[in-house]
Protein chains: 2
Amino acid sequence: MNNYSKQREVILDVIKNNPIHPTAEEIYQLTVKKEPKISKSTVYRNINILVDMKKINKVKMTVGPDRYDYVYKEHSHMICERCGKIFDFYYNFNKDDISKNLKQQLKENIIIDNITIYGICEDCKSKNEKEEF
Amino acid sequence: MNNYSKQREVILDVIKNNPIHPTAEEIYQLTVKKEPKISKSTVYRNINILVDMKKINKVKMTVGPDRYDYVYKEHSHMICERCGKIFDFYYNFNKDDISKNLKQQLKENIIIDNITIYGICEDCKSKNEKEEF
DNA sequence: CTTTAAATTAGGAATAATTCCTAATTTTGT
DNA sequence: ACAAAATTAGGAATTATTCCTAATTTAAAG
């Protein structure tokens, strides 16, 4: 497990140099330019391996396919539930206190990996005002 | 838009009475018992309508299909990234302060809908210890 | 450097999850 | 009771992802 592979290196490089939270499909499109013979299953398999290795994050979307994120610095995401836009932001969540609460309520020691906020961005809010909500 | 529909009522009822975070498929299986002629597309369509109406929440999973949650009281979710188990929990996030930070960093007024924690549960942690991580 | 075992690959088939399409039915407001 | 709008069942189509296999690449050991 985890032998060297050129393809995996190129995939990680693509994600690193395209900090736009690309989807698997977008990663494939960017990778195939540099490595024309690569297959989509190789891209999917390596994305999952890189997530396991914690070199990249999977960002769970409410609309459309999941997106991926190079791990360069700990940060949170706010994801618009309507348009799916992802915003990076930094917030000093009190993880110790959250852990303590999780422990009390769930009777389990949880490893907190990331905290994601789902909401509505300003664009979508103003669109909705014009319509019905 | 939003005429009365028996099917929608039954679907909401099913979700209300099965607070197990069911998937769309599970909701269909439960609904079809009460409404044998209902089609899966009707279930999917109404689930989305109920989410828009904020009667139910969509819970974004890391493994497997999304799950749904009757909105009876505001709470957060901790989702295990490995096994996909969902834990409900209550935590008094300082939403005002988070909003202020979002405003500062993103230059947008964001409506915070929910805050989700992704992590590793105790079972999965101890499994991993035995294996490789 | 050969040899061998393990890991990885390309390519496509298969599966899973969800949305879309259409004609028929139901609901709403008059 | 009627017309317009909304919703439905059923299935086709699409989207996203995983699985399968034989061939290739990599690592490690002599």
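Is Asp13(A) buried, exposed or partly exposed? At 33% relative accessibility, Asp13(A) counts as partly exposed, where buried denotes under 20% relative accessible area, exposed over 50%, and partly exposed the range in between (1.4 Å probe, protein chains only). The structure is a predicted model, in which local features need pLDDT of at least 70 and side-chain atom pairs count only at pLDDT 80 or more, whereas totals for chains, interfaces and linings use all residues. Residues are numbered from 1 along each chain as its sequence is written, chains are lettered from A and ligands numbered from 1 in the order in which they are written, and side-chain values use heavy atoms, with hydrogens and water left out.

Over all chains, a search of the whole structure identifies 22 salt bridges, a salt bridge being a side-chain nitrogen of Lys or Arg within 4 Å of a carboxyl oxygen of Asp or Glu. One of these joins Asp13(A) to Lys34(A), with the closest N and O atoms 3.9 Å apart. This pair links distant parts of the chain, since Asp13(A) belongs to helix 1 of chain A and Lys34(A) to helix 2 of chain A, 21 residues apart; helices (H or I, at least four residues) and strands (E, at least two) are DSSP runs, numbered from the N terminus.

A salt bridge also forms between the side chains of Glu35(A) and Lys6(A), at 3.5 Å from N to O. Because Glu35(A) lies in the loop between helix 2 (24-34) and helix 3 (40-52) of chain A, while Lys6(A) lies in helix 1 (residues 6-16) of chain A, the pair ties together parts that are 29 residues apart in sequence. Glu35(A) is buried, its relative accessible area being 18%, whereas Lys6(A) is partly exposed at 41% relative accessibility.

In the salt bridge between Lys60(A) and Asp66(A), the closest N and O atoms are 2.8 Å apart. Lys60(A) counts as buried at 8% relative accessibility, and Asp66(A) likewise counts as buried, at 17%. Both residues take part, together with Lys58(A), in a network of salt bridges.

A disulfide is a covalent bond between the sulfur atoms of two cysteines, and is assigned here to a pair of cysteine sulfur atoms within 2.5 Å. For Cys80(B), the closest cysteine sulfur is that of Cys83(B), at 3.6 Å, which is too far for a bond. Cys80(B) is buried, at 0% relative accessibility, while Cys83(B) is partly exposed, at 37%.
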